[in-house]
Amino acid sequence: MRIATTVFMLGSALFAANGIGSQGAGSHTDLPRWCGKAYESGSPSFPPGGESTPPPPSPSQLLFVQVEPRYSIYVGSETTGSFIVDATISHLFGAPYQALITGVSTLQKLLFTIRIQGSLEILVVNQVAINSTDNVFDFPLSLLGEPRLEAYSVVLDGVSLDGLQTFSARTEIYYLPEKTTGSVTKIDHLNGGLLFRGASTDGVFESVLPYGFYGDYGGYFSLGNENVQTYYDQGFNVIHLVTSFLDSGPLNETTAYFDQIGLKFIYDMRGSFMNLTAVAEQIPLVKDHDTFLMWYTGDEPDGWEYALNSTTLAYDLISSLDKYHPVSLVLNCQDFYYADYSAGADIILQDTYPIGINSTYSIPYDTNCNLTHGDCGCDNCGGSLLDVPDRLDDLAQYQAWLGEWRKPLWSALQAFDGEGYWQRLPTAEETWVMALLSFNHKARGITSWIYPSTDELNAAHGALAKVVTVTPVKAFLTGAQPVSISVSSLPFLDVSYWTVGNQVMVIIASDSYSETESMVAIELPVSVKEIDDVPWGNVTWSLAGNELQVEGLSSLATSIVILGR
């Protein structure tokens, strides 16, 4: 979210002193721009540049082999590690692959070993089916050697069943010394969620589905911890204070209260992440708190067109000083140098704010908005609830085009209006649709802008937070990946399901502003026996075979249904 405060804009001399280029990204850097586009009336139109594109396709099929640690870090008290192995048929990445006998699945296997680079120590010996993903293999962490701050380099060597086709992949795994003070947060590279360990978890890693707000510190939370308690009591399990030790002086009283009540917090360095000296000064003030969840550096660096290496330089410094917490940032543009800015984070947020905008005409600047000009408050948006899942899908696609492991995505949802762009607030129903659309499209956390919002929106977010951050819903959102269900007869419905154990969870979100009076039927692609629970929504579903049914559906309906298999 844009904030016009001088603390967030650093001088070119400071950039240079920290190895950060002072010139913004894109072209026409002499003009005021947002997401690479000039936005003032009378300014020229030009392609912003920085678009993501796939690599040139191969005319023949390739086998793309990837290996990744299940978790971003392991610590000394843990005994078992895991690797994820993917072996997918691709035309973009990998090495040439010829199927042994087409159609005979038993012959389409990749035999492989995983070993420490430069060592004969074998960590895993096994096989995977060709064109399979998310294969998980455990190994004793003791095989790596002693815990250390440096990563262990790992190599996968693979061969086809006939022994004539060879493949390889590389990764790194962190097996860190045990941390005895404060929290530890790790990323689940399989499902995209977070595991958190702190005083409140009794030394055990627990999955967490973060749901909360960016928080107004100076105007609200700094006024007293009773405001923190009010926020916590509404059901939120994470807070992202829009301040820092540099901006607001001592925050110890507030962060100590977070530790006391168990409210996890994200530490914001938007105003200082390009000052690497300042970054280094803040890390020891934060990293050992019991409820510290993760770092946050660039706030819309793509919109501000900060130097392309700015987020990576900050990331490298933070990770050198604290390997026990991930780094995040938020991107505002639809597609402006994604590869460069996202390289500086483990977790990527998107902050598409579509409610109440004019998507084609900028009211603040009295000019048109399109792909080459203008700023309408939501870059290349249509002013629809679907702008939120569309942006999540876009970012996931850009990441895939890099040929790198997927990064967790979060949504920063709109809970405000004004500033000339946003003519109204979202309703409670629109809020719930945007949140559930986010989960359906693989968001693993939500922090909305900004608290306090209106009483209605505070309560709306809190009501949903009380459901999705606890069992049983949390177990699905953090323990599996969503699978989309197409309902061709009802294109306004967005439906996905998760499978954990002997249960299936289905999330249904309607983006229609009109009621549906006819029968709504959703055919599930998995076998189910009964409806076990409906933890969210007022829709009275019935089950006929594998089909969820209801007679009519209200506008902007949302529902979470858990079924037994």
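## Exercises on rings and a helix

Just after helix α9, G403 adopts a positive phi of about 70 degrees. Keep in mind that this is a predicted model.

**Exercise 1.** What span should the 15 residues of helix α9 have at 1.5 Å a residue, and how far apart are its end C-alpha atoms?

*Solution.* Start with the helix itself: α9 covers residues 387-401. Next, the expected span is 1.5 Å times one less than the number of residues, so the helix should span 21 Å. Finally, compare with the model: the end C-alpha atoms are 21 Å apart, which agrees.

**Exercise 2.** The structure holds 34 aromatic pairs. Are the rings of F213 and Y451 stacked, tilted or edge-to-face?

*Solution.* First check the distance: the ring centres are 5.3 Å apart, and the cut-off for a pair is 6.5 Å. Then check the angle: the planes meet at 65 degrees, so the pair is edge-to-face. Now locate the partners: F213 lies in strand β16 and Y451 in strand β25, 238 residues apart in the chain. Both F213 and Y451 are buried. Ring pairs also join these two into a cluster that includes Y211, Y220 and F236.

**Exercise 3.** Over which rings do the charged ends of R148 and K264 sit?

*Solution.* Take R148: its charged end is over the ring of Y152, 3.7 Å from the centre. For K264, the ring is that of F196, with the charged end 5.1 Å from the centre.

Notes
Residues are numbered from 1 along each chain as its sequence is written. This is a predicted model: local features need pLDDT of at least 70, side-chain atom pairs count only at pLDDT 80 or more; totals for chains, interfaces and linings use all residues. Side-chain values use heavy atoms; hydrogens and water are left out. Rings of Phe, Tyr and Trp (its six-membered ring) pair if their centres lie within 6.5 Å; planes under 30 degrees apart count as stacked, over 60 as edge-to-face and the rest as tilted. Helices (H or I, at least four residues) and strands (E, at least two) are DSSP runs, numbered from the N terminus. Buried means under 20% relative accessible area, exposed over 50%, partly exposed in between (1.4 Å probe, protein chains only). A charge sits over a ring if NZ of Lys or CZ of Arg is within 6 Å of the ring centre and within 35 degrees of the ring normal.
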